[in-house]
Amino acid sequence: MRLEKYRKDFPILKIKINGKRLVYLDSAATSQKPKQVIEAITDYYQNYNANIHRSIHSLGEEATKAYEEARETVAKFINAEKPEEVIFVRNTTEALNVAAFGLRKIVSTGKILLSEMEHHSNLIPWQQLAKINNAKLDFVGFDQDGYLKIEELKQKARNAKVIAITQASNVLGTINPIKEIAEIASDAIIVVDGAQSVPHMPVDVQELDIDILAFSAHKMLGPTGIGVLYAREELLKKMEPFIFGSEMIKEVSFNNASWNDLPYKFEAGTPHIAGAVGFKAAIDYLQKIGMKNIRRHDQEITDYALKKLSKLVNIIGPKKAKDRSGLIAFTMNDVHPHDIAAILNEDGIAIRSGHHCAMPLHTKIGINASARASFYLYNTKQEIDLLVKSLEKVKRVFEK
Ligand code: C6P
């Protein structure tokens, strides 16, 4: 990885916080944006801003072309069979809601199987669906090291209608064996929360043999406000739309309406056109580096950080970097995670603290909150050294 070259593309990495150069270790919350993405969005607003799929004037056509090119880029990026299988939504959360409510008639009273490491966004939509449908909700646990209990999954998957699971946990860091899960549960609809995996590793929906994938642009160098719901074409055809209004219709009368073709059936109202343009620029940037190289870099940084941090803090999740995505959540005995984050901030280091929208997971491991450092393609080993130095300071302050 040509780290120094890439770092120059990210204007924000030059800023100072409390007089210190920013060390940004919160990419699992949202990633920073390279100038290529910022410029693509500015170019859209300055030179071809128009609504799409509505106006036949030149600007309208140019904007429509850019929006649909973004869809094609996303489809190729995850190896979807067709661009129509890519639905633009606001974020992973919206994608999972559209999926859950879109499946309500298909799932009916059947069993919905989740894991105990899910983010609220891949838990609450299914809880709500289970309540509406009077369906059963069940959970697969994880072991002491943070690995999913595959034997338990084999048992519980037998009569599941849907299995909704994260590919990479935003707290444990665990990467789940999605291909194996899809093989075990070939009769179930496999829904994958890709919020923490798609930005960090090659994800191929056909190779994984999954039915639905959700992810957000803002965690992969793109803008906020745009994300993706991928689903197989035949499933999308059967799914009910969740948001109603303009552009998602074919025929409308005062009392009735019929739905548009894919993907528009699921894209009501004016979409985030600038977002799609920026998202395409982000994917182009990631692909130039190569997702395998990004994964390798994440692993290197995580391995380095695991070794350095294990002497200082209690690390949550698998001990081996190869089984983790690029994030490490931890606790420090009696020190509150918010205090850790506040002291690190004095040194210009941005980490996240709290329950990371995974309350049941934290309850399960017997804590209320954790601190979390998360990495991306622009992070260096020197930044990990600064993190360690600052954590030593936290220890000194609280050991007094
Ligand atoms: N996790 C974190 O700091 P949205 O907010 O819709 O783009 O992504 C939701 C989401 C879904 N699943 C997982 C595994 C996630 O990690 C997230 C977002 C951020 O961990 C913000 S809470």
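**Entry 1: ligand contacts**

I began with the ligand in this predicted model. One of its oxygen atoms sits 2.5 Å from a side-chain N or O atom of Thr-93. On the nitrogen side, I found a ligand nitrogen atom 2.5 Å from an N or O atom in the side chain of Asp-193. I also noted a ligand oxygen atom 2.7 Å from an N or O atom of the Gln-196 side chain. I then looked up the cover: on its own the ligand has 510 Å² of accessible area, and the protein covers 90% of that.

**Entry 2: the shell**

I listed 18 residues around the ligand, of which Thr-93, Asp-193, Ser-216, His-218 and Arg-352 come nearest. Sorted by class, the shell has ten polar, four charged and four nonpolar residues. I checked which domains supply the shell: domain 1 (3-26 + 291-399) and domain 2 (38-288) each give at least three residues.

**Entry 3: aromatic pairs**

I searched the whole structure for aromatic pairs and got eleven. I looked at Tyr-6 and Tyr-285, which pair edge-to-face, with 6.4 Å centre to centre and 70° between the planes. Tyr-6 belongs to helix α1 (residues 3-8) and Tyr-285 to helix α11 (residues 273-289), so this pair ties together parts that are 279 residues apart in sequence. Tyr-6 has a relative accessible area of 11% and is therefore buried. Tyr-285, at 9% relative accessibility, is buried as well.

I next took the pair Tyr-44 and Tyr-45, which is tilted, with 5.1 Å centre to centre and 55° between the planes. Tyr-44 counts as buried because its relative accessibility is 2%.

I went back to Tyr-6 and Tyr-285 and found that ring pairs link them with Phe-10, Tyr-376 and Tyr-378 into a cluster.

**Entry 4: backbone geometry**

I found a cis peptide bond between Leu-262 and Pro-263, with omega about 0°. Pro-263 is in the loop between β12 (257-259) and α11.

I noted a positive phi of about 80° at Leu-221, which is not a glycine. Leu-221 is placed in the loop between β9 (212-216) and β10 (227-231). Is Leu-221 buried or exposed? Its relative accessibility is 0%, so I logged Leu-221 as buried.

His-356 also has a positive phi, near 55°, in a residue other than glycine. I located His-356 in the loop between β16 (352-354) and α14 (359-364). With 0% relative accessibility, His-356 counts as buried.

How values were computed
Residues are numbered from 1 along each chain as its sequence is written. Side-chain values use heavy atoms; hydrogens and water are left out. A residue is near a molecule or strand if one of its heavy atoms lies within 4 Å of it. A polar contact is a pair of N or O atoms within 3.5 Å; within protein, one must be able to donate a hydrogen and the other to accept it, and residues adjacent in sequence count only if both atoms are side-chain atoms. Accessible areas come from the Shrake-Rupley method with a 1.4 Å probe; for residues, only the protein chains shown count as cover. Ala, Val, Leu, Ile, Met, Phe, Trp, Tyr, Cys and Pro count as nonpolar, Asp, Glu, Lys and Arg as charged, and the others, Gly among them, as polar. Domain bounds come from an automatic or database domain assignment. Rings of Phe, Tyr and Trp (its six-membered ring) pair if their centres lie within 6.5 Å; planes under 30 degrees apart count as stacked, over 60 as edge-to-face and the rest as tilted. Helices (H or I, at least four residues) and strands (E, at least two) are DSSP runs, numbered from the N terminus. Buried means under 20% relative accessible area, exposed over 50%, partly exposed in between (1.4 Å probe, protein chains only).
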